[in-house]
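I opened this entry to keep track of what I looked up, in the order I looked it up.

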Amino acid sequence: MNMKWTELDRKMRESGISTLLITDPKHVYYLTGFLSNPHERFLGAVLQAGSEPFLVVPALDEEAARAAADVDEIITHQDTDDPYLLLKQRLKGTLGTIGFEKEQVTVARFEQMQETLGFSRYLDVGPWLRELRFRKNAEEVAKIKHAVSLIEQVLTESVRQVKEGISENELVAEVEYQIRKLGADGPSFDSMVLSGEKTALPHGVPGTRQIRRGDLVMFDIGVYADGYASDITRTFAVGELSDELVKIYETVLAANMAAIQAIKPGVAFASIDKAARDVIEAAGYGPYFIHRLGHGLGIDVHEFPSVHGKNEQLLTEGNVFTVEPGIYVPGVGGVRIEDDVLVTASGVEVLTTYPKQLAYI
């Protein structure tokens, strides 16, 4: 039983939980090393207090699970089986209170579980998993660094294709091609390339708009590699920009750097957001910074913690999150500069290394 399971077992005993049923595929990977998309089939990592964990997987995933999973026992089910009945036959004793991730379990699945397993109470253990994931160990950091390296290679290759007349969709296609060519598992979210006035849309949708001289072009892209995500945003100039767009860019860059300089263990996440927001407000663009500063990064591309002005939780060594201030002026354009950062014992390590000074294409 690894240290993650040991910690969960301790929490189970303290909370009076007899059985832990983890069904989020990413949490199954986090705890066992087996990464899979079961689609509609049942996948679960199970722990009963004081026992060894085991896996329940679709039969078609058995070979992959046995090769990857750090558990001694794997139970398989065919498409014609009731996986909850198989699980009930394997579990020991009266269940009493069970724990599962409430955000992951649908009402239909909950009703199936309750009818077949016959537990009397349940407890949401999602917060336990978030607490474990809050601090990354050395192995996790190495995987995130690998994902960051891949996406920066993707960005380098894709930016070479930027020219007048090429469309946003064509650039997205180049990004997706490079993601696969360079060996990533896939994008960590829908790749985004926006241009011109569309850069004022923080989560705009790429389309047929063609790049023009004087445009800003924003790439917001990321990959999964070995189960961990990267996420980077860089904004480029195509030809000369207006004075206002240059000012917006320089302001966002200063905000990004101010936030990074404020990162160290023991300070509140709110103070990091404030460091960036103060720079943008001082330049007169406060109303145009319309989102939080960043988000946690790990087995999900958006995960706990949320880096915003009301989060008074303290940074601790091993936190990994994004720093992505932005200014978005409707009808004019927008700039976002996003880095992935690691909180170290003495301060911060910026995992993204792609240049941030305004680049003219």
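This is a predicted model: local features need pLDDT of at least 70, side-chain atom pairs count only at pLDDT 80 or more; totals for chains, interfaces and linings use all residues.

**Annotated spans**

I then turned to the record. The UniProt annotation "domain: Creatinase N-terminal", from an unreviewed entry, covers residues 7-134. Over residues 7-134 I read 40% helix and 21% strand, with the end C-alpha atoms 14 Å apart. UniProt also lists residues 143-345 for "domain: Peptidase M24", again from an unreviewed entry. For residues 143-345 I wrote down 32% helix and 24% strand, and a distance of 19 Å between the end C-alpha atoms.

**Helix pair α7 and α8**

How far apart are the axes of α7 and α8, and at what angle do these helices pack? I found that α7 (residues 138-159) and α8 (residues 168-181) have axes 9 Å apart and pack at an angle of about 140°. The angle makes α7 oblique to α8, because only values over 145 degrees count as roughly antiparallel. I noted the crossing of α7 and α8 as right-handed. From α7 the contact takes V154, E157 and S158, and from α8 it takes L171, E174, V175, Q178 and I179. The residues in this contact of α7 with α8 divide into four nonpolar, two polar and two charged.

**Helix pair α2 and α6**

I looked next at α2 and α6, the latter spanning residues 126-133, and found that their axes come within 12 Å and cross at roughly 50°. This makes α2 oblique to α6. Here α2 passes α6 in a left-handed crossing, and the contact is made by H27, Y30 and L31 of α2 together with L129, L132 and R133 of α6.

**I17**

Is I17 buried or exposed? I17 has a relative accessibility of 3% and therefore counts as buried. I placed I17 in the loop between α1 (3-15) and β1 (19-22). Leaving aside neighbours within four places in sequence, I listed M12, A49, T97, I98, G99, L123, V125 and W128 as the residues in contact with I17. I also checked the spacing to Y29, which is twelve residues along the chain from I17, and the two C-alpha atoms are separated by 22 Å.

**D81**

D81 lies in the loop between β4 (73-77) and α4, and with a relative accessible area of 32% it is partly exposed. I compared its position with that of P58: D81 and P58 are 23 residues apart in sequence and 9.7 Å apart in space, C-alpha to C-alpha.

**Backbone entries**

Before reading the backbone values I reminded myself that most residues other than glycine have a negative phi, and that most peptide bonds are trans.

Where does H39 lie? I located H39 in the loop between α2 (25-32) and β2 (44-48), and its phi is near 55°, a positive value in a residue other than glycine. At 58% relative accessibility H39 counts as exposed.

D226 is a further residue other than glycine with a positive phi, near 55°. I found D226 in the loop between β10 (223-225) and β11 (228-229), and at 41% relative accessibility D226 counts as partly exposed.

Definitions and conventions. Residues are numbered from 1 along each chain as its sequence is written. Side-chain values use heavy atoms; hydrogens and water are left out. UniProt positions are given in the numbering used here, feature names are shortened, and annotations may be inferred rather than shown by experiment. Helices (H or I, at least four residues) and strands (E, at least two) are DSSP runs, numbered from the N terminus. Axes are lines fitted to C-alpha atoms, for helices over the stretch in contact, and angles run from 0 to 180 degrees between N-to-C directions. Angles under 35 degrees count as roughly parallel, over 145 as roughly antiparallel, 65 to 115 as roughly perpendicular and the rest as oblique. A crossing is left-handed if the near helix is turned anticlockwise from the far one by less than a right angle, and right-handed if clockwise. Contact means heavy atoms within 4.5 Å. Ala, Val, Leu, Ile, Met, Phe, Trp, Tyr, Cys and Pro count as nonpolar, Asp, Glu, Lys and Arg as charged, and the others, Gly among them, as polar. Buried means under 20% relative accessible area, exposed over 50%, partly exposed in between (1.4 Å probe, protein chains only).
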